[in-house]
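Hi there,

Here is the structure I promised to hand over.

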Amino acid sequence: MTSPVWHPYAHLKTQAPAPKVVGGEGPRFTLESGESLLDATCSWWCMIHGYRHPRLVEAIQHQADELCHVMLGGLTHEPADRLARELVRITPEGLDHVFFSDSGSVGMEVAMKMAVQYHRLRERPGKTRMLSLMKAYHGDTAGCMAVCDPEEGMHSLFSGFLPQHHFAPAPRAPFDADEADVRPDLDALRAVLEAHQHEIAALLMEPLLQAAGGLNMTSPHYLRGARALCEEFDVLLVFDEVATGFGRTGRMFAADHADVTPDIMVLSKGLTGGYLGHAATLATDRVHSAFIGDSSEHAFMHGPTFMGNPLACRVALESLAVFEEDDYLGRIRALNAVLREELLEDAALRAHPDVADVRVLGATAVIEVHDAAALQGVAAFARQQGVWLRPFGRWLYTMPAYITPEDDMRRITGAMKGWFRRD
């Protein structure tokens, strides 16, 4: 019997039947056939502790015995209060106010609405547009689609439906570039701000790692320069750390590489270790204080039903405790060393005619090819090696769980490299 489940990003005429997952343990999940697969994608980058982590499972069970859900409208509860305090503690200094929602896309919608209302409350009602970067991806809701790359992104079908925003060229200087190499990227950003500052409310960016736009890796100098430009042009700086937060780039947050505090930061994915959907949009006093006033417009008009869900908050607290107590940043350094050795330092891989580039940052690695056709069949090939890989477009990547042992990490990289050596 055909399943009634409508799968994401799937071509209904040609899609193969989806394997059914019945369980998981550590970095692997198990199919109903009994097949065990090493998850190289961390289930869309969120299962940082792997599957069936005992402390996270127990946290959800205990919270379910106490309180599964209550609205935050006019009420509060201890898990939400504790999680907000913890997020203020671990994020860049100055992000002292936390607005919860239920997904990364909604967290970004919150950030954009917050930026527009902030400027309106400061009597700058004309600042209603966003400035995003080419190659950006911020989510699949309507507001987020409008600030994703309008040319190469996946949402061009909806161009007639979406509001129009401004875009700056994607930064080209790599992560290890010096300030001089980053200058042309910042000059391009300045040009857009100079031309449209009167209507731009916020600059949105995925700091250091543009994830779904091609895993592009950029320099901390770009973040510092963008921070200065936003101050100069009275534009809020919004960091979308949905994918980069909680260690993915090698520091707790990508912003930490540059010692930069954005005006607004959005977190999700690793926030709960992937165990429940949740998101947080954090803001500075500068932003928050603008909403303190007497008019009806001073209330922030957003309120997802499941914001601050007690189960999600409780597992997020446990996730953070495990992250810190088990030295996950140290684990990520070890994963990074394997990725660099196996992929970045493999001269034969880099010289392969199909390979355009190989990049590594933190617990992320990507092999970019010249033509997407060169990756057709790679998922089935990797599955034969006991590895679950799900490439997109021209990018074969891994974002593994942080608990992945070294031998399993080499198994993942071996499957990636093996695809290019199969002849």
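A word on terms before the details: two strands count as paired if DSSP finds at least two bridges between them. Please also keep in mind that this is a predicted model.

Let me start with the sheet. Seven strands form an open sheet in the order E4-E12-E11-E10-E7-E5-E6, and the pairing is mixed. Strand E4 (95–101) and strand E6 (166–168) are the edge strands, each pairing on one side only. On average, neighbouring strands are turned by 25° against each other, direction ignored. E4 and strand E12 (residues 279–284) run antiparallel and are joined by six bridges; here Phe99 stands opposite Thr281 in E12.

Helix H6 (residues 179–196) lies across strand E5 (129–133), E6 and strand E7 (200–205), at about 155° to E6. Helix H7 (residues 220–232) packs on the sheet as well, touching E5, E7 and strand E10 (236–240), and its direction makes about 175° with that of E7.

Now the annotation. An unreviewed UniProt entry lists Trp44, Tyr137, Lys269, Gly303 and Arg390 under "binding site". The farthest two C-alpha atoms are 34.1 Å apart, so these residues do not all gather at one spot. Among them, Lys269 belongs to the lining of the largest cavity.

Lys269 sits in the loop between strand E11 (264–267) and E12, and is partly exposed, with a relative accessible area of 25%. Its contacts include Trp44, Val242 and His278, and the Lys269 side chain reaches the backbone oxygen of Trp44 at 3.2 Å. Gly303, in the loop between helix H9 (285–289) and helix H10 (310–325), counts as exposed at 56% relative accessibility.

Best wishes

How values were computed
Residues are numbered from 1 along each chain as its sequence is written. This is a predicted model: local features need pLDDT of at least 70, side-chain atom pairs count only at pLDDT 80 or more; totals for chains, interfaces and linings use all residues. Side-chain values use heavy atoms; hydrogens and water are left out. Helices (H or I, at least four residues) and strands (E, at least two) are DSSP runs, numbered from the N terminus. Axes are lines fitted to C-alpha atoms, for helices over the stretch in contact, and angles run from 0 to 180 degrees between N-to-C directions. Contact means heavy atoms within 4.5 Å. UniProt positions are given in the numbering used here, feature names are shortened, and annotations may be inferred rather than shown by experiment. On a 1 Å grid over the protein atoms alone, a cavity is a set of points where a 1.4 Å probe fits but cannot get out, and a pocket is an open set with protein on both sides within 12 Å along at least five of seven lines; lining residues have an atom within 4 Å of a point. Buried means under 20% relative accessible area, exposed over 50%, partly exposed in between (1.4 Å probe, protein chains only). A polar contact is a pair of N or O atoms within 3.5 Å; within protein, one must be able to donate a hydrogen and the other to accept it, and residues adjacent in sequence count only if both atoms are side-chain atoms. Lists of a residue's contacts leave out its neighbours within four places in sequence.
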